[in-house]
Amino acid sequence: MSKASCDGCGRTVTISGGIANLWSFGTDAGTVGTAITLDLEDGTSHLLCYPCLEALPDYPTAADVERLEQVDDETSQLRSR
Ligand SMILES: [Zn+2]
């Protein structure tokens, strides 16, 4: 486990495992704060926390990632353009 910050909202997150693109949730109390690396179709990759992943559309773009903002400890949302 290592610490980093979410590229979307900036909250401190824990990277699970070390296996890219996989994360587990519900296996312990640490669901919030878990993150994965999301590889976008434009070739960029972003470390994103679980609430940000929830807020993103099915096929997010780098612009969507930049619009992410933290609402509270458990929620993220997309800023309106
Ligand atoms: Zn986030």
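**Entry 1: Tyr50**

I started at Tyr50, which sits in helix α1. The model I am reading is a predicted one. Is Tyr50 buried or partly exposed? I counted 19 other C-beta atoms within 10 Å of Tyr50. Burial needs 20 or more, so Tyr50 is classed as partly exposed. I then looked up its distance to Ile36.

**Entry 2: the overall layout**

Next I stepped back to the whole protein. I found 2 helices and 6 strands. Read from the N terminus, the order is β-β-β-β-α-α-β-β. The protein has 81 residues, and 22% of them count as buried.

**Entry 3: the β3–β4 hairpin**

I went to β3 and β4. How do these two strands run? They are antiparallel, and 5 bridges join them. Together they form a hairpin, with 5 residues between the strands. Gly43 lies in the turn and has a positive phi of about 95°. I noted two facing pairs. Leu38 is opposite His46 in β4. Asp39 is opposite Ser45 in β4. One reminder for myself: side chains in a regular strand alternate between the two faces of the sheet.

**Entry 4: the nonpolar core**

I looked up the largest nonpolar core. It has 11 residues, including Cys6, Val13, Ile36, Leu48, Cys52 and Leu68. Which elements supply at least two residues each? I found three: β3 (34-39), β4 (45-49) and α1 (50-55). Setting aside residues up to four places away in sequence, Cys52 touches Cys6, Gly8, Cys9, Leu68 and Ser76.

**Entry 5: Gly8**

Gly8 came up in that list, and I followed it. Gly8 is placed in the loop between β1 (2-5) and β2 (12-15). Is Gly8 buried or exposed? It is buried, because 29 other C-beta atoms lie within 10 Å. I left aside neighbours within four places in sequence and listed the contacts of Gly8. They are Leu48, Cys49, Cys52, Val65, Leu68 and Ser76. I also checked Ala62. Gly8 and Ala62 are 54 residues apart in sequence, and 9.9 Å apart from C-alpha to C-alpha.

**Entry 6: Glu66**

I turned to Glu66, in helix α2 (residues 62-67). How far is Glu66 from Gly8 in space? The C-alpha atoms are 6.1 Å apart, although 58 residues separate the pair in sequence. I counted 13 C-beta neighbours of Glu66 inside 10 Å. The exposed class stops at 12 or fewer, so Glu66 counts as partly exposed.

**Entry 7: Ser76**

My last stop was Ser76, in strand β6 (residues 76-78). Why is Ser76 counted as buried? The reason is its 22 other C-beta atoms within 10 Å. I then listed what Ser76 touches, again not counting residues up to four places away in sequence. Gly8 and Cys9 are among them, as are Pro51, Cys52 and Ala55. Leu68, Glu69, Gln70 and Val71 are also on the list. Pro51 got a distance check. Ser76 and Pro51 are 25 residues apart in sequence, and their C-alpha atoms are 5.2 Å apart.

Note on methods: Residues numbered from 1 in each chain as written. Predicted model: local features only at pLDDT ≥ 70, side-chain atom pairs only at ≥ 80, totals over all residues. Core = buried A, V, L, I, M, F, W, Y, C linked by C-beta atoms within 7 Å. Helix = DSSP H or I, 4+ residues; strand = E, 2+ residues; numbered from the N terminus. Contact = placed C-beta atoms within 7 Å. Pairing = 2+ DSSP bridges.
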